[in-house]
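Hi,

Here is the structure I promised to send over.

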Amino acid sequence: MAAAGLVAVATAPEYSGPVASGGNLSGVNCGPSSGTGPGPGPGSWSRSLDRALEEAAVTGVLSLSGRKLREFPRGAANHDLTDTTRADLSRNRLSEIPIEACHFVSLENLNLYQNCIRYIPEAILNLQALTFLNISRNQLSTLPVHLCNLPLKVLIASNNKLVSLPEEIGHLRHLTELDVSCNEIQTIPSQIGNLEALRDLNVRRNHLVRLPEELAELPLIRLDFSCNKITAIPVCYRNLRHLQMITLDNNPLQSPPAQICIKGKIHIFKYLNIQA
């Protein structure tokens with residue numbers, strides 16, 4: 001019997017624009033550009049790109065969103081971008097994280113939302129100031145181990161093709177928010193219990209059949225595991241003292257039963273305490 005009704009709506013927002021969640025890469029064209037329809041000519045497009053690079057050299061903020069880029073602009077070599085702290089490469093057609101971006105050693109915020117990225121190079125380890133990474137709506141089937149050696153506080157990897165998370169995910173001791181919703185993940189490694197700073201976990205719409213007990217040790221404020229195949233909430237989750245929002249609809253929950261779940265968080269925790 002599926003748990004009916006929301007306990008709390010806690011789905012994490014997309015970080016770059018209003019794109020409906022659900023199917024992977026909705027509206028993204030990773031194939032050849034049709035070249036049809038009105039648009040700026042090559043000259044004005046190039047000048048616009050040059051202006052963006054000039055501004056980045058001055059401000060440290062590189063904004064190249066929605067420019068149909070398949071590679072990093074070659075004109076960037078004419079500008080000093082070494083002090084870039086924020087880079088927005090979202091809504092393009094990049095197939096991997098540009099190696100050029102991996103040389104911005106001061107980079108703190110990298111947005112690669114809605115590209116065609118299948119591969120994250122080991123050179124990303126150069127970004128030892130990076131605290132925010134959005135790689136949602138891409139084509140990733142794995143999160144590479146080297147990603148787990150960055151000082152990330154926020155990792156958004158929703159709407160990819162992930163089937164698992166690496167055990168090394170536990171190395172991200174500064175991580176406060178992890179969003180891996182809308183993937184194909186079947187299990188969460190127990191090492192997630194090492195994420196001692198984690199406040200917000202979104203594993204919505206995956207293929208999970210159980211929740212790791214190690215989550216009970218974390219200072220979670222928001223937990224969303226809706227749209228999975230979870231049948232039971234571990235009794236030890238009664239120890240999630242900081243939890244304010246829990247979303248669990250569309251799971252075949254048996255413990256607690258659906259009639260308890262629809263009453264809300266207080267009743268769920270009361271049930272878990274009784275079971276304990």
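Predicted model: local features only at pLDDT ≥ 70, side-chain atom pairs only at ≥ 80, totals over all residues.

Let's start with Arg 222 and Asp 200, whose side chains form a salt bridge, with 2.9 Å from N to O. The two sit 22 residues apart, with Arg 222 in strand S8 (residues 222-224) and Asp 200 in strand S7, so this pair links distant parts of the chain. Is Asp 200 buried or exposed? Asp 200 is buried, because its relative accessibility is 8% and the cut-off for buried is under 20%.

Next, Glu 196 pairs with Arg 173 through their side chains, at 3.7 Å from N to O. Which parts does this pair tie together? Glu 196 is in the loop between strand S6 (177-179) and strand S7 (200-202), while Arg 173 is in the loop between strand S5 (154-156) and S6, so the bridge joins parts that are 23 residues apart in sequence. Glu 196 is exposed, with 52% relative accessibility, and Arg 173 is partly exposed, at 39%.

Finally, there's a salt bridge between the side chains of Glu 71 and Arg 74, at 3.0 Å from N to O. Glu 71 is partly exposed, with a relative accessibility of 43%. Arg 74 counts as exposed because its relative accessible area is 69%, and exposed means over 50%.

Cheers

Notes. Residues numbered from 1 in each chain as written. Heavy atoms only, no water. Salt bridge = Lys/Arg side-chain N within 4 Å of Asp/Glu carboxyl O. Buried < 20%, exposed > 50% of the residue type's maximum accessible area, 1.4 Å probe, protein only. Helix = DSSP H or I, 4+ residues; strand = E, 2+ residues; numbered from the N terminus.
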